[in-house]
Amino acid sequence: SGFDRSPLFEGRDDVRASLYLQPDEGYDAQFMYFAAFDPLLRRFRSTPERYRDVADAAPYRFGRIGFPWLVRAVSGGRWKSYPAAMVGLVAAGVALSAFVLARLAQGVGATALWGLIVLAIPGFWASVTMVLPEPLAAAFLLVGYWCVTTRRIACAVAAFALSLLIRETGVLFVGALAMFATVPSVTRRDRLWLLSATLPVVVWRVYIAAGVWPVWGWDGLFYPAPNLAMPLVGMAGLWSVLARGDYHAHVPELARAATWLSVLLIAVAVLSAALMKRAGRFIGITFLAYALMALSFSYPLVWGHPANAQRASYEVFILLALASLGVMRYPRHLQVAVAACWAGAVSFILYGAHDAFVIWDALW
């Protein structure tokens, strides 16, 4: 297993005895767990090549250090509490996202029940199931946005900085907000402060690159993770494999999920284009940008498993939620389109997802 190969746990039979280990290589959450034991990459500073056995792509995995740092903080540095802290933080991310969406809805005269829409975000279910921090990154983006709307710029910068340390793809959200926000009283200096939220993640990436330079060189700073291609190219590769019946042929639920989710993302992208002018400048532009990003997921790196695309597309549903708060101002056909996209998302979660049976078990 990945645990047995990792030099972080040499002679740590106490840690091994606390875990249930599977014979395969594991998945992304194990790297977050490993990083919590060495959150500053100090253990093998003089022998950085050993980090090759800690994670499959150490600069990439340790680059998203915000979650392991929070795990350390919440657990008080007690390693026995790391798993519980990870689960609790992911659940807290869902709850905080719901709370902030409810407050934002109230701010525009809508019902606070809009906060419950987080339960219809496909990526959140995948993240909760696999104990991965996308809901937490989304929550801090929403907190930052809420703070900007109430002109608490310092709090917004802190929230955005933490979100980007958890998952850097939120930089599009932060950059667009700084450029296109139409919030009254937000000055040019405030916009520059918002952009400064990117500095902590830049400094951290430089720190990583310096520590692993003898092994990874420039890849320590710009690790090549080809998650994106031209729009629809990755989907075309997916559909080609689906048409041949070669997509996880032994697990038909995965083919069903990939088909359903790809169609859903196309529908959401079409809606984002239709709402470009109606949803407000910041939300409209950012929604369309994330929708295009979702259409550009590569195959097989992202679409190789539908859960990857679920998790990677959470931002487009966050922007769909923000755009939906003003739905009563839209023409009737756009109201129907918004409702149809959310209905499609709920249907995917309950019937289309490869692990829909797990969700049904959890609900009942």
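Cys155 is in no disulfide; its nearest cysteine sulfur belongs to Cys147 and lies 5.0 Å away. With a relative accessible area of 45%, Cys155 is classed as partly exposed.

These values come from a predicted model. A disulfide requires two cysteine sulfur atoms within 2.5 Å, and by this rule the count of disulfides is zero. Cys147 is accordingly in no disulfide, the sulfur of Cys155 being the nearest cysteine sulfur to its own, at 5.0 Å.

## Helix H6

Helix H6 covers residues 82–107, a run of 26 residues. At 1.5 Å a residue, helix H6 should span 38 Å, and the 37 Å between its end C-alpha atoms agrees with that expectation.

Just after H6, Gly109 adopts a positive phi of about 85°.

## The largest pocket

The largest pocket has a volume of about 1000 Å³. Its lining comprises 39 residues, of which Tyr60, Arg64, Arg167, Ala225 and Asn227 are the closest to the pocket centre.

By residue class, the lining of the largest pocket divides into 24 nonpolar, nine charged and six polar residues.

Note on methods
Residues numbered from 1 in each chain as written. Predicted model: local features only at pLDDT ≥ 70, side-chain atom pairs only at ≥ 80, totals over all residues. Heavy atoms only, no water. Helix = DSSP H or I, 4+ residues; strand = E, 2+ residues; numbered from the N terminus. Expected span 1.5 Å × (residues − 1). Buried < 20%, exposed > 50% of the residue type's maximum accessible area, 1.4 Å probe, protein only. 1 Å grid on protein atoms, 1.4 Å probe; cavity = no way out; pocket = protein on both sides within 12 Å on 5 of 7 lines; lining within 4 Å. Points joined across faces, edges and corners; volume = space filled by probe spheres on them. Nonpolar A, V, L, I, M, F, W, Y, C, P; charged D, E, K, R; others polar.
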